[in-house]
Amino acid sequence: MEFQKYIEDQVFSPKLIANALRTTRSEIAHTLGLHRDALSRTSRIRAAKSQIRLRQMMEILNRVEAATGSPLAAYAWFRAEPLVGFGGATPDQLLREGRAEEVRSYLDRIMSGGYA
(Lines give C-alpha, C1' and ligand atoms only; values in the text may rest on other atoms or scores of the structure.)
Protein backbone atom coordinates (compact mmCIF):
# COMPACT_ATOMS: atom_id res chain seq x y z
CA MET A 1 0.00 0.00 0.00
CA GLU A 2 1.54 3.26 -1.10
CA PHE A 3 1.03 5.61 1.84
CA GLN A 4 0.79 8.73 -0.31
CA LYS A 5 -2.41 7.39 -1.91
CA TYR A 6 -4.12 7.51 1.48
CA ILE A 7 -3.07 10.99 2.57
CA GLU A 8 -5.32 13.96 2.06
CA ASP A 9 -4.71 17.42 3.53
CA GLN A 10 -1.52 16.12 5.17
CA VAL A 11 -3.25 13.41 7.24
CA PHE A 12 -4.23 9.80 6.66
CA SER A 13 -7.72 9.87 5.17
CA PRO A 14 -10.09 7.32 6.71
CA LYS A 15 -12.35 7.72 3.67
CA LEU A 16 -9.60 6.82 1.19
CA ILE A 17 -8.43 3.91 3.36
CA ALA A 18 -11.99 2.59 3.80
CA ASN A 19 -12.63 2.80 0.05
CA ALA A 20 -9.42 0.89 -0.72
CA LEU A 21 -10.28 -1.80 1.84
CA ARG A 22 -13.94 -1.94 0.71
CA THR A 23 -15.24 -1.24 4.17
CA THR A 24 -16.57 1.69 6.18
CA ARG A 25 -14.90 4.28 8.35
CA SER A 26 -17.01 3.01 11.27
CA GLU A 27 -15.65 -0.51 10.84
CA ILE A 28 -12.07 0.74 10.70
CA ALA A 29 -12.67 2.84 13.81
CA HIS A 30 -14.00 -0.22 15.62
CA THR A 31 -11.06 -2.31 14.41
CA LEU A 32 -8.65 0.31 15.78
CA GLY A 33 -10.49 0.68 19.08
CA LEU A 34 -11.69 4.20 18.30
CA HIS A 35 -15.16 5.72 18.57
CA ARG A 36 -16.83 5.86 15.15
CA ASP A 37 -16.77 9.68 15.31
CA ALA A 38 -12.98 9.55 15.47
CA LEU A 39 -12.87 8.77 11.76
CA SER A 40 -15.83 10.82 10.60
CA ARG A 41 -15.50 14.25 12.23
CA THR A 42 -12.74 16.40 10.76
CA SER A 43 -11.40 17.57 14.11
CA ARG A 44 -11.26 14.00 15.44
CA ILE A 45 -9.66 12.64 12.25
CA ARG A 46 -6.78 15.08 12.75
CA ALA A 47 -6.37 14.09 16.42
CA ALA A 48 -3.05 12.48 17.29
CA LYS A 49 -4.63 9.26 18.58
CA SER A 50 -6.63 8.74 15.38
CA GLN A 51 -3.67 9.45 13.13
CA ILE A 52 -1.28 7.28 15.16
CA ARG A 53 -3.62 4.28 15.00
CA LEU A 54 -4.26 4.76 11.29
CA ARG A 55 -0.52 5.04 10.62
CA GLN A 56 0.24 1.93 12.70
CA MET A 57 -2.42 -0.06 10.86
CA MET A 58 -1.13 1.14 7.48
CA GLU A 59 2.46 0.23 8.39
CA ILE A 60 1.41 -3.29 9.39
CA LEU A 61 -0.80 -3.76 6.30
CA ASN A 62 2.04 -2.56 4.11
CA ARG A 63 4.38 -5.16 5.59
CA VAL A 64 2.02 -8.09 5.01
CA GLU A 65 0.51 -7.11 1.67
CA ALA A 66 3.28 -8.81 -0.34
CA ALA A 67 2.74 -12.06 1.55
CA THR A 68 -1.06 -11.97 1.44
CA GLY A 69 -1.39 -10.78 -2.16
CA SER A 70 -3.65 -7.76 -1.77
CA PRO A 71 -4.63 -4.95 0.57
CA LEU A 72 -7.97 -6.69 1.24
CA ALA A 73 -6.26 -9.93 2.22
CA ALA A 74 -3.80 -7.98 4.39
CA TYR A 75 -6.72 -6.29 6.18
CA ALA A 76 -8.43 -9.66 6.72
CA TRP A 77 -5.17 -11.03 8.16
CA PHE A 78 -4.87 -7.95 10.41
CA ARG A 79 -8.35 -8.51 11.82
CA ALA A 80 -8.48 -12.29 12.07
CA GLU A 81 -5.09 -14.03 12.22
CA PRO A 82 -4.15 -15.17 15.73
CA LEU A 83 -0.43 -14.63 16.24
CA VAL A 84 1.75 -17.32 17.75
CA GLY A 85 3.46 -16.08 20.89
CA PHE A 86 0.77 -13.52 21.69
CA GLY A 87 -1.77 -15.84 23.29
CA GLY A 88 -3.83 -16.01 20.11
CA ALA A 89 -4.35 -12.25 19.94
CA THR A 90 -4.87 -10.80 16.48
CA PRO A 91 -2.81 -7.89 15.15
CA ASP A 92 -5.74 -5.49 15.53
CA GLN A 93 -6.20 -6.51 19.17
CA LEU A 94 -2.51 -5.92 19.84
CA LEU A 95 -2.64 -2.52 18.14
CA ARG A 96 -5.59 -1.51 20.35
CA GLU A 97 -3.51 -2.51 23.38
CA GLY A 98 -0.67 -0.22 22.26
CA ARG A 99 1.50 -3.12 21.08
CA ALA A 100 1.88 -2.24 17.39
CA GLU A 101 5.68 -2.20 17.71
CA GLU A 102 5.56 -5.82 18.90
CA VAL A 103 3.54 -6.77 15.81
CA ARG A 104 6.10 -5.05 13.58
CA SER A 105 8.95 -6.87 15.37
CA TYR A 106 7.10 -10.17 14.97
CA LEU A 107 6.70 -9.50 11.23
CA ASP A 108 10.39 -8.59 10.92
CA ARG A 109 11.35 -11.93 12.51
CA ILE A 110 8.99 -13.95 10.31
CA MET A 111 9.97 -12.15 7.10
CA SER A 112 13.66 -12.64 7.78
CA GLY A 113 13.10 -16.40 8.12
CA GLY A 114 12.94 -16.52 11.90
CA TYR A 115 10.45 -18.21 14.13
CA ALA A 116 7.33 -16.71 15.63
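Leaving aside residues up to four places away in sequence, Leu16 touches Lys5, Tyr6, Ile7 and Glu8, where contact means heavy atoms within 4.5 Å. The structure is a predicted model, in which local features need pLDDT of at least 70 and side-chain atom pairs count only at pLDDT 80 or more, while totals for chains, interfaces and linings use all residues. Residues are numbered from 1 along each chain as its sequence is written, and side-chain values use heavy atoms, with hydrogens and water left out.

Leu16 lies in helix H1; helices (H or I, at least four residues) and strands (E, at least two) are DSSP runs, numbered from the N terminus. With a relative accessibility of 28%, Leu16 counts as partly exposed, a class that falls between buried (under 20% relative accessible area) and exposed (over 50%), as found with a 1.4 Å probe and protein chains only. Although Leu16 and Tyr6 are 10 residues apart along the chain, their C-alpha atoms are separated by 5.5 Å.

Asp9 is placed in the loop between strand S1 (7-8) and strand S2 (11-12), and Gln10 is placed in the loop between S1 and S2 as well. Asp9 is not a glycine, yet it has a positive phi of about 55 degrees, and Gln10, also not a glycine, has a positive phi of about 65 degrees. Asp9 counts as exposed at 60% relative accessibility, and Gln10 counts as exposed at 77%.

In H5, the residues Ala74, Tyr75, Trp77 and Phe78 are buried. Seen down the axis of H5, its buried residues fall within an arc of 160 degrees, so they line one face of the helix; the arc is that of the directions from the helix axis to the C-beta atoms. These buried residues of H5 pack against helix H2 (25-31), helix H4 (48-68), H6 and H7. H4 and H5 pack at an angle of about 115 degrees with their axes 8 Å apart, the axes being lines fitted to C-alpha atoms, for helices over the stretch in contact, and the angles running from 0 to 180 degrees between N-to-C directions. The contact includes Met57 and Ile60 of H4 and Trp77 and Phe78 of H5.

Rings of Phe, Tyr and Trp (its six-membered ring) pair if their centres lie within 6.5 Å, with planes under 30 degrees apart counted as stacked, over 60 as edge-to-face and the rest as tilted. By this rule there are two aromatic pairs. The rings of Phe3 and Phe12 have their centres 6.1 Å apart and their planes at 85 degrees, so this pair is edge-to-face. Phe3 is partly exposed, with a relative accessible area of 30%, whereas Phe12 counts as buried at 10% relative accessibility. The rings of Phe86 and Tyr106, with centres 5.8 Å apart and planes at 75 degrees, are therefore also an edge-to-face pair. This pair links distant parts of the chain, 20 residues apart, with Phe86 in the loop between helix H5 (71-80) and helix H6 (91-96) and Tyr106 in helix H7 (residues 100-111). Both Phe86 and Tyr106 are buried.
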